[in-house]
Structure formats: structure tokens, C-alpha cells
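Hi there,

Here is the structure I promised to pass on to you. Have a look at it first, and then read my notes below.

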Amino acid sequence: MKILEANAGALTNFEVLDFLRAKGASKDPTRVIAKVAQSEYKVYDYLVDTPASNQTRESINEFLTSIKRHDLAKAEVLNILNTRPTEDVELFPIIESCEKRFPIDEEVAEIVELVTRTLPPPRNMKQEEITKGDEETATLKNENDEVIEDPMDTR
């Protein structure tokens, strides 16, 4: 194999996961047969539990074409792809000077809406259910619909 261009750019988690799958990495118990190093399996096992596990080239390309009009840096777009933020507050640590660059909250909400519309959620991640009786009480449920006590509740 020849390296055509050294350090051509950063890879998304999806691209790394796709590469490892192409090498033969999987959750198969007979993994020792594949030509994948043990350290690569550790990376694979991590990436399978991230939003990259359910992304496709088409969804990423759709996201990239739609996000261009927001004038984000390549590193910011890469972090958004890798983390798939679903709330406005999750974008603030990703986008440098977010409050100054996007003084209108609607644009940040538009980016979040774009992420949730174009990038599918991870397969193994079930949306956290929050049932609200009123403003003060909220019941959190896990995947088995068991009620979880809210550690922030001081009642």
C-alpha cells in the first residue's frame, strides 16, 4: 500500500468504523480469525456504541451539504458528526464563541434540528423517556421501563 497524501485530514468516527468493518472487525465471538489487531478491536468496540454505528455515507453527505450555510469550522463539523448533539446546550462546547457567532438562538436550534433530522440515532440508544406530571416532578425511565430516582430531586 502506498501513502498518496500524508495527513489528508481528520476522519469521522463513521469512517474509522467503516474501515475497521472492512478489515473484518465485528462483534462475532470468533474474532481471532480476522486480521484486526487487539487494539483495533478496542476502538471498534467503543465506536459501535457511538452515533457512528448507525450513520451512513448518504446521511453524512446530506448533513454536510445542509450545514455549509452555517459557516462552521471543519473541526466543529467533525465534532458535531461524531457526537450528534440533540440539545442546544450540547452545541455550545463544540462551537467556538457560539453566543457571539450565533446571537439568535433560532440558528443554534436550527443546527440541532438539522442534526436530528439527517443523522440517525445510534441503534442501541433508546430515547430517554421523561414523563412529566407537572413542572416540579419528572419520572425517568430506563430501557426496561423501570422508574429511576432523580438524584437531583431534593424532596
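Let's start with a pair of charged side chains: Lys23 and Glu40 form a salt bridge, with 2.9 Å from N to O. By salt bridge I mean a side-chain nitrogen of Lys or Arg within 4 Å of a carboxyl oxygen of Asp or Glu. In general, side chains of opposite charge can pair when their charged atoms come close. Lys23 belongs to helix α1 and Glu40 to helix α2, so this pair ties together parts that are 17 residues apart in sequence. Lys23 counts as partly exposed, because its relative accessibility is 32%. (Buried means under 20% relative accessible area, exposed over 50%, and partly exposed in between, using a 1.4 Å probe and protein chains only.)

A word on where this comes from: it is a predicted model, in which local features need pLDDT of at least 70 and side-chain atom pairs count only at pLDDT 80 or more, while totals for chains, interfaces and linings use all residues. Residues are numbered from 1 along each chain as its sequence is written, and side-chain values use heavy atoms, leaving out hydrogens and water.

How many salt bridges does the structure hold? There are six. One of them joins Glu110 and Arg69, at 1.7 Å from N to O. This pair links distant parts of the chain, since Glu110 sits in helix α7 and Arg69 in the loop between α3 and α4, 41 residues apart. Glu110 is partly exposed at 30% relative accessibility, whereas Arg69 is exposed, with a relative accessible area of 60%. (Helices here are DSSP runs of H or I with at least four residues, and strands are runs of E with at least two, numbered from the N terminus.)

Salt bridges with shared partners join Glu62, Glu113 and Arg117 into one network.

Leaving aside neighbours within four places in sequence, Phe63 is in contact (heavy atoms within 4.5 Å) with Val77, Ile80, Leu81, Leu114, Val115, Thr118 and Leu119.

Happy exploring!
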